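The following dialogue is intended for a reader who is new to this structure. Please look at the sequence and the model before reading on.

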Amino acid sequence: MKLDFEHHQSAHCESGVTSSLLRESSSNKITEPLAFGIGAGLFFCYIPLIKINNGPAIAFRTFPGLIFKRTCNALGIPVIRKKFSSKGQAESYLIERLKEGHPVGCQVGVYYLSYFPREYRFHFNAHNLIVFGKEDDNYLISDPVMETPTKLTSYELERVRFAKGALAPKGQLYYPKSKAIITDEQIRKAIISGIKTNVNQMLRIPGNFAGVSGIKYTGKKIKNWRNKLGVEKAGSYLAQLVRMQEEIGTGGGGFRYIYGAFLQQAQAYTHNDQLSEISKIFTQAGDLWRTAAVHAAGIYKGRLGSQEDFNQMGDYLIEIAELEKNAFLALKNIKW
Amino acid sequence: MKKENVPQDMGALGKITKEVCYATDNTGKYVTELSSGWDVKSGALDVAWKDVEERVARAKRRVLNGEVSPLLFFMEYRLMDIEILAGYSGFWKWQVKRHLKPDVFKKLSDKKLQKYADAFNVKVEDLKTMTVHEA
């Protein structure tokens, strides 16, 4: 059994899955950047009290699951989403959907994901892929970050669908319930609502851990890392920051480039000239994130390490915060 | 980032798949470009694995000193914390904590050891001796 499904490689797993699952309904119009922007995917958050892999808990994107949910909501597409307590039910439900002709999105953990390189297998449970068929004991998998479609045996798929730990997927799957026709006018409205949500997310969350103020706060914290943690551990922390920012799935520059691409594509639907100008600010922000990453690499590779180097690192983030604040204020002030 | 500046350093991922990056072309329009990796990133990943290796080595010393049970060694080796191990083994977190004590671990039944062995994907015998077969 193999559904008529075309694999598309994308930068980020969830926006890629969203774009692929909506491809038919939208006649290819919901590109990855549009899914990312309509789903208000851009974020920043640093929670000092929590540790992930013994390093700082930093995110450059919104909470897992929200991009798909918001994008479908904004476009008026009903969604089915299900978790399972039984592995057997999780598999038979999946098979029934495939028989009905639905490609299905699955949340999985990457630790036991056999086609991933070993170096990338951490206990990260918010990866997304699409199952689009089954041949013998092999499920046909479209993993958006891979160049080509791939396969998992039924045991391998079960293992990653029932990965354990934080954000355990519990067999979660999701798909658009019915095929809808998406009009340009719907896309235009969805873009505007996505931008508004993202503005709120980056500018209006109280406290100093999230959004633009979170970036500034992290910048200030980094300046103390050398004294507080010692050069080596502070280097590990910076390495974790860089991984969250640049690793596979981000499209580069902590998702800032995908957002820049979104604003350019959004202009075609909203006919608002300001968007392409604001897109340039996000390109600048992405470039500055990458400059900061090069500087951080100097520290964790042992080339740099003075307090002055840490101050410089913190100042990069403070500068980025200012840049992104201006970009989101400009988006906020658009009269639609 | 300009399209021609998308880094093409060979990394761990590049051997298996290239990844999509977003970058601008010479007219300023965003396009996608495949990248085989970036030194800055692979350096960060190396740091993460070096940290893991150090934690595994420290756990091994502590097991040999009789401070903790071999579970800690395999937890570090499999990058697991107590919550993850509890999830995969089916024990409660408080039970895992108890089984981390060498004296308690020694008295575990084979049935219970098998649950841990399955969670770590090793044999019961290897569990006791801290033997790892895969590269």
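Q: Which residues does L167(A) touch, not counting residues up to four places away in sequence?

A: Two residues are in contact if their C-beta atoms, placed from the backbone, lie within 7 Å. L167(A) touches P64(A), N125(A) and A126(A), with residues up to four places away in sequence not counted. This is a predicted model, in which local features need pLDDT of at least 70, side-chain atom pairs count only at pLDDT 80 or more, and totals for chains, interfaces and linings use all residues. Residues are numbered from 1 along each chain as its sequence is written, while chains are lettered from A and ligands numbered from 1 in the order in which they are written.

Q: How many residues of chain A are in contact with chain B?

A: The size of an interface is often given as the accessible area lost when the parts come together. Here the residues are counted: 41 of chain A are in contact with 31 of chain B. The elements of chain A that give two or more residues to this side are α8 (231-246), α9 (256-270) and α10 (274-300). The most come from α10(A), with eight residues.

Q: What pattern does chain B follow along the sequence?

A: Chain B has seven helices and two strands, in the order β-β-α-α-α-α-α-α-α. Its C-alpha trace spans about 70 × 25 × 25 Å along the principal axes. Of the 135 residues of chain B, 33% count as buried.

Q: At what angle do α3(B) and α6(B) pack?

A: Axes are lines fitted to C-alpha atoms, for helices over the stretch in contact, and angles run from 0 to 180 degrees between N-to-C directions. Helix α3 (residues 82-89) and helix α6 (residues 110-120) of chain B pack at about 110°, with their axes 8 Å apart. Angles of 65 to 115 degrees count as roughly perpendicular, so α3(B) and α6(B) are roughly perpendicular to each other. L85(B), Y88(B) and S89(B) in α3(B) meet K115(B), Y116(B) and A119(B) in α6(B).

Conventions:
Helix = DSSP H or I, 4+ residues; strand = E, 2+ residues; numbered from the N terminus. Buried ≥ 20, exposed ≤ 12 C-beta atoms within 10 Å, placed from the backbone. Parallel < 35°, antiparallel > 145°, perpendicular 65-115°, else oblique.
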